[in-house]
Amino acid sequence: MSRKPYQPPMPASWWLKHPAYRFYMLREATVLPLLFFIGSLLYGLYALGQGEASWLQYQAWLQQPWVLALNGLALLASLFHAWTFFVLFPQVMPLRLGSRTLPAWLMVSAQWAGVLLVILALWWLLGGLDAHQ
Amino acid sequence: MPTTEIRLQRYRPEQDNAPHWQDFRVEYDDSTSVLDALEQIKAEQDSSVSYRWSCRMAICGSCGVMVDGVPKLGCKTFLRDYPKGLTLAPLSHFPIEKDLIVDMSRFLAHLSAIKPYLIAEAAPKGKPYRQTPAQLARYKQFSNCINCGLCYSACPQFGLKPDFLGPAAIALAHRYNLDSRDQGKSERMAQLNSDNGVWGCTFVGYCSTVCPKGVDPAAAVNQGKIASTLDGVIQWFKPGKETSK
Amino acid sequence: MRINKQPPPQTTPRRSDEPIWWSLFSAGGVCVAMLVPAIALLVLLGIPLGLVSAEQLSYQRLHALVFHPLGLGVVLAVIVLPLFHAMHRIHHGLHDLQLAHGRLAKWLCYGSAVLLSSLALSLWLTSG
């Protein structure tokens, strides 16, 4: 008896069909606002190198509502990326102490503590504390 | 007994050129599984409905189907959880042979390619292989795979690129690579190192969600990426060995 | 007749070059997760919204901070590695959406990461 298998097609819209796939695509899409963030930094690096006038121009550019909105989106995207990335870490690199694996929640919270620490360190470096003195 | 609606995807290779849907009404109670419902349909309504099954207790891995678009074992899924009815379709990404039966030969070829068995010198006569609980703990969770193929239906990369070795095969390769008694890692790494090995994965992670046995293939594949990277670095420093292509 | 029969891969398949791109992607992913929230919050939003002290953020002080020798590490961590992170995901995303795959897409993706990274490094080196 001959066979006639049917190969179902894989449409480009496959990722719309299930919440897990939409979540995956959202995670991958965090790099789009990230690219704008990188562009902003590149522009800032250029402006800083060009002199004070150019830097003031850059500050004015940062203040435009659409730039603020996109960089706000980049902040949210980086936090969402961090959330997904931190959860994957114990899966990809389980840390072992003897025959025990470090609990995932510990590794995830340690990474969030790192993010908080970086924010505080940068705030200190940029003189955020002195503002109130 | 209450009844519910089941939309079943039919494909009869003798008559059909593409699948279509057929509705059935089945009786169910709290203990009726999807597999029970299929048996009811086949016995009482349409004897031509085809599906695979064997053990009815989530061990054999034969009765995988898409329930409302989610890969599940028919014997482990209950109608009581779908009061509004449900749709049943064959496992995604595999060629459909008939109704709910798919051709899994591609998965089986990938499975055999990674040599999912112990490769080791024979143990000394009359002596067992010894393994400590800590050595067992390293790979134990990856050894519960029953080869049901649900993770392949969950994996869009396998759907996009059928040559991708896929979650279960890579998880089993990883399981034997982690086994203290095994010496076959170098034979498996060549498969894992390729574009269709661990590098075909983008960590969608859905394979681990759907696994009916609690295996975490996404972890195995991505631990495999680290192993493959290290393997590449070692080969890079030992250029003489790479010539065995 | 076995229509779907495909020979099991008997010969040794070619080693993928993904370890290079994946390592850069992963390192970039760590940097994005750890550093980008702070910089987005305190610099790109913090300066225009006044979240950080204006006096301390004088042009001279910022210039000294960024073009300090350690600033090169910052450029690597917040521009170069995140670029490779982003272009790696875009490369795979193009494949996922069936828009493009193969050599050209790969060259374009990682090529633009290399190009923009060189731009960042040359900006830092020439302005310092």
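**View 1. How much of chain B is buried.** In this predicted model, chain B has 245 residues, and 47% of these are buried.

**View 2. Helices, strands and contacts within chain B.** Look through chain B and you will find nine helices along with seven strands. The contacts inside chain B reach across the sequence: of those between residues at least 6 apart, 65% join residues at least 24 apart.

**View 3. Where chain A and chain B touch.** Here we turn to the contact between the two chains, to which chain A gives 20 residues and chain B gives 25 residues. On the chain B side, two or more residues come from each of strand S6 (96–98), helix H3 (133–139), helix H5 (156–160), helix H8 (206–210) and helix H9 (217–237) of chain B. H9(B) supplies the largest share of this side, with five residues.

View 4. Our last stop is chain A, which is divided into domain 1, covering 13–77, and domain 2, covering 94–133. Taken over C-alpha atoms, the centres of domain 1 of chain A and domain 2 of chain A are separated by 23 Å.

How values were computed. Residues numbered from 1 in each chain as written. Chains lettered and ligands numbered in written order. Predicted model: local features only at pLDDT ≥ 70, side-chain atom pairs only at ≥ 80, totals over all residues. Contact = placed C-beta atoms within 7 Å. Helix = DSSP H or I, 4+ residues; strand = E, 2+ residues; numbered from the N terminus. Buried ≥ 20, exposed ≤ 12 C-beta atoms within 10 Å, placed from the backbone. Domains from an automatic or database assignment.
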